[in-house]
Amino acid sequence: MNRKIQTIGRIAAVGAVALVQAGSAASVEARPRSDAVRLANRMIANCFVNGGEPDAGDEGYGIGFTCAYPDGRVDDDVVYYD
């Protein structure tokens, strides 16, 4: 149960970071910030569901996103916003 609470807390914290930074994740084209936020939050949730550790940060032109998996694999992307 404690592990579940920690995971939910991490999801909330990372989601809050994405919302505060009004970011997005994973596209070649720019989009409105609200769309970018929704996409970043989906990517963060997907990372958690698949056992990864997400990290997101505002790059000034979009949200940089990484997901590190226990097997050493790392996915990264940037979601651009207007």
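User: What should I know before I start?

Analyst: The model is predicted, so local features need pLDDT of at least 70 and side-chain atom pairs count only at pLDDT 80 or more, while totals for chains, interfaces and linings use all residues. Residues are numbered from 1 along each chain as its sequence is written, and side-chain values use heavy atoms, with hydrogens and water left out.

User: Which helices and strands make up the secondary structure?

Analyst: Helices (H or I, at least four residues) and strands (E, at least two) are DSSP runs, numbered from the N terminus. This protein has two helices and three strands, and their order along the sequence is α-α-β-β-β.

User: How many of the residues count as buried?

Analyst: Buried means under 20% relative accessible area, exposed over 50%, and partly exposed in between, with a 1.4 Å probe and protein chains only. Here 37% of the 82 residues are buried.

User: Why does Arg31 count as buried?

Analyst: Arg31 counts as buried because its relative accessibility is 18%. Arg31 sits in the loop between helix 1 (2–20) and helix 2. Tyr81 is 50 residues away from Arg31 in sequence, yet their C-alpha atoms are 4.7 Å apart.

User: What is in the largest nonpolar core?

Analyst: In soluble globular proteins, nonpolar side chains tend to be buried together. A nonpolar core is a set of buried Ala, Val, Leu, Ile, Met, Phe, Trp, Tyr and Cys residues joined through side-chain atoms within 4.5 Å. In this structure the largest one has 13 residues, and those that touch the most other members are Met43, Ile44, Ala56, Phe65, Cys67 and Val79. Helix 2 (33–49) and strand 2 (62–68) are the elements that give two or more residues to this core. Helix 2 gives the most, with six residues.

User: How many disulfides are there, and which residues does a disulfide join?

Analyst: A disulfide is a covalent bond between the sulfur atoms of two cysteines. In the model, a disulfide is a pair of cysteine sulfur atoms within 2.5 Å, and that rule gives one. The disulfide joins Cys47 to Cys67, with 1.8 Å from S to S. The link of Cys47 and Cys67 is right-handed, with 85° about the S-S bond. Cys47 lies in helix 2 and Cys67 in strand 2, so the pair ties together parts that are 20 residues apart in sequence.

User: Are Cys47 and Cys67 buried or exposed?

Analyst: Both Cys47 and Cys67 are buried.
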